[in-house]
Amino acid sequence: MPDALARNKPKSITKARWHEVQRLELDFWNRWTTLLPYQNLDIPSYWRQEVAHFGESWGCFHGLRVLDVGCGPFGLIHFLDHAAERIRVDPLLSQYGQKLFLQSPQLSISAVAESLPLAARSIDLAICFNALDHMLDPQAALDEIARVLRPHGSALFMIHTFAAWLRPFFWIDRIHPHHYTAQSFAKLVGGRFRIERCETVRRHFDIPPAKCLGGHLKSGHRGSLQNRPTSRDQD
Ligand SMILES: C[S@@+](CC[C@H](N)C(=O)[O-])C[C@H]1O[C@@H](n2cnc3c(N)ncnc32)[C@H](O)[C@@H]1O
């Protein structure tokens, strides 16, 4: 593998490490409403803001078959009433004690993104928020998302990114098995998708301190004919 490609490949993690991350994730969602930063969180407003960061309006999901990969118990998919069909996928879906109800037509699947039990070219719009960097193999997940997207489909990706100087301290953050800078995340996604918009938004969280930056990427399925501006990167 050429050096540049090897550098861009996410470091693989062991299955044991991923299971540890998932245990921490479940524990977080069991008590998140007791944590200070989330106590007065207005979830619908939070999601509207997230969508706006992509330069999209709330109406962009209208009439589409939308897939939320790594949806969690309160993910964006639960608020997209105007989508034609909603599909939520998360390996912890059956284990979340508290999760939102999803109105039909819907499909709820306990599965991993690295092996989506969905037909190729069946999804109009994929969303994946704060989840790629929690996965065993983000590259395989991107390949799967690309496989299930229709040729003119789009994907919205968001993760928490970190400044490069924090690299020696990444091991402290146990809930993220992968850490990206805004640039390395754009490279990872750009290797599989044509990026239309890329934005880094500075965030302030009281805890956990590691979650201080958010990166938003809107990608057209690689090779699609969508005629939108290419990537825009703001810091
Ligand atoms: C931080 S939560 C984000 C949940 C939701 N997207 C949100 O923003 O509220 C990360 C989610 O990714 C899921 N996840 C972890 N590994 C995954 C994988 N391999 N495939 C799909 N989802 C995964 C976790 O189970 C968890 O629900």
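The largest nonpolar core has 46 residues, of which V69, A126, I127, C128, I145, F157 and V189 touch the most other members. Such a core is a set of buried Ala, Val, Leu, Ile, Met, Phe, Trp, Tyr and Cys residues joined through C-beta atoms within 7 Å. The model is predicted: local features need pLDDT of at least 70 and side-chain atom pairs count only at pLDDT 80 or more, while totals for chains, interfaces and linings use all residues. Residues are numbered from 1 along each chain as its sequence is written.

**Core**
- At least two core residues come from each of β1, β2 (85–89), β4, α4, β5, α5 and β6 (193–202).
- Leaving out residues up to four places away in sequence, A126 touches L67, V69, I145, L149, G153 and A155 (contact means C-beta atoms, placed from the backbone, within 7 Å).

**Helix α4**
- In α4 (residues 138–148), P138, A141, L142, E144, I145 and V148 are buried (20 or more other C-beta atoms within 10 Å of a residue's own; exposed is 12 or fewer).
- These buried residues line one face of the helix, because they fall within an arc of 160° seen down the axis of α4.
- They pack against β1, β4 (123–129), β5 (149–160) and α5 (182–190).

**Ligand shell**
- Around the ligand are 20 residues, and G70, G72, A113, A131 and M135 come nearest.
- By class, this shell has 11 nonpolar, six polar and three charged residues; Gly counts as polar.

**G63**
- G63 sits in the loop between α3 (43–53) and β1 (65–69).
- G63 counts as exposed because it has 11 C-beta neighbours inside 10 Å.

Conventions:
Near = placed C-beta within 6 Å. Helix = DSSP H or I, 4+ residues; strand = E, 2+ residues; numbered from the N terminus. Arc of directions from axis to C-beta. Contact = placed C-beta atoms within 7 Å.
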